[in-house]
Amino acid sequence: MGKEEILEMVVRELTEKALEDRRESLSEDEQQLYTEVGKLSERARDILAKLPKEEQQTLDDYFVKTNLIADKECAFLYVQGAYLEEMETRIESITGTIKTGNLMADTCMMRIPKPSLI
């Protein structure tokens, strides 16, 4: 398994876990939206079943490919978010080091006697 495949698998698993956790704490409005989508999905399947096979296949292909694009874009954004989070961590680390460095410099400056004007 290549690096790209492993990354894709990890991103998919992390995304699914995050969505699972999110769905456990949906607001009432969000729960209602999921319920509506479920009902619309049932109606869409009923309508699709009434179409000729060729038209069913065209719509099915469209939905599958649209979802595939959405999955890939979601994975891309997930990786970008992870990248940004890593950059924020690095910046905080550097900033913390600089702050610590400044604090240490300030502490050292307090220990150095001020030059006498005489």
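Helices here are DSSP runs of H or I with at least four residues, strands are runs of E with at least two, and both are numbered from the N terminus. With that settled, I looked up the fold of the protein chain and found three helices and zero strands. Along the sequence the pattern reads α-α-α.

**Entry: what I am reading.** I note that this is a predicted model, in which local features need pLDDT of at least 70, side-chain atom pairs count only at pLDDT 80 or more, and totals for chains, interfaces and linings use all residues. Residues are numbered from 1 along each chain as its sequence is written, and side-chain values use heavy atoms, with hydrogens and water left out.

Entry: I took accessible areas from the Shrake-Rupley method with a 1.4 Å probe, where for residues only the protein chains shown count as cover. The protein chain has an accessible surface of about 11000 Å², and 61% of this belongs to carbon and sulfur atoms. I call a residue buried under 20% relative accessible area, exposed over 50%, and partly exposed in between (1.4 Å probe, protein chains only). By that rule, 3% of the 118 residues of the protein chain count as buried.

**Entry: Gln56.** Why does Gln56 count as buried? Gln56 is put in that class because its relative accessible area is 16%. I then looked for its polar contacts (pairs of N or O atoms within 3.5 Å; within protein, one must be able to donate a hydrogen and the other to accept it, and residues adjacent in sequence count only if both atoms are side-chain atoms). A polar atom of the Gln56 side chain lies 3.2 Å from the backbone oxygen of Ala49.

**Entry: salt bridges.** Side chains of opposite charge can pair when their charged atoms come close. My cut-off for a salt bridge is a side-chain nitrogen of Lys or Arg within 4 Å of a carboxyl oxygen of Asp or Glu. I find three in the structure.

Which residue does Asp71 pair with? Asp71 forms a salt bridge with Arg12, and the closest N and O atoms are 3.8 Å apart. Asp71 lies in helix α3 (residues 53-111) and Arg12 in helix α1, so this pair ties together parts that are 59 residues apart in sequence. Asp71 is partly exposed at 37% relative accessibility, and Arg12 is partly exposed at 42%.

Asp21 and Lys17 meet through their side chains in a salt bridge of 2.9 Å, N to O. Both lie in helix α1, four residues apart, about one turn of the helix. I read 35% relative accessibility for Asp21 and 44% for Lys17.

Glu30 forms a salt bridge with Arg22, with 2.5 Å between the closest N and O atoms. Glu30 is partly exposed at 28%, and Arg22 is partly exposed at 37%.

**Entry: patches.** I built patches from residues with over 30% relative accessible area and no salt bridge, joining like charges within 9 Å and nonpolar side chains (Val, Leu, Ile, Met, Phe, Trp, Tyr) within 5 Å.

Which residues form the nonpolar patch on the surface? They are Met1, Ile6, Met9, Val10, Leu14 and Tyr78, with about 550 Å² of accessible area together. Helix α1 (residues 3-23) gives the largest share, four residues. Leu14 lies in that helix and is partly exposed, at 41% relative accessible area.

For charge, I counted Lys and Arg as positive and Asp and Glu as negative, leaving out His and the chain ends. Each charge was placed at NZ of Lys, CZ of Arg, CG of Asp or CD of Glu. Glu13, Glu16, Glu20 and Glu24 gather in a surface patch of negative charge. Of these I checked Glu16, which is in helix α1 and is partly exposed at 46% relative accessibility.
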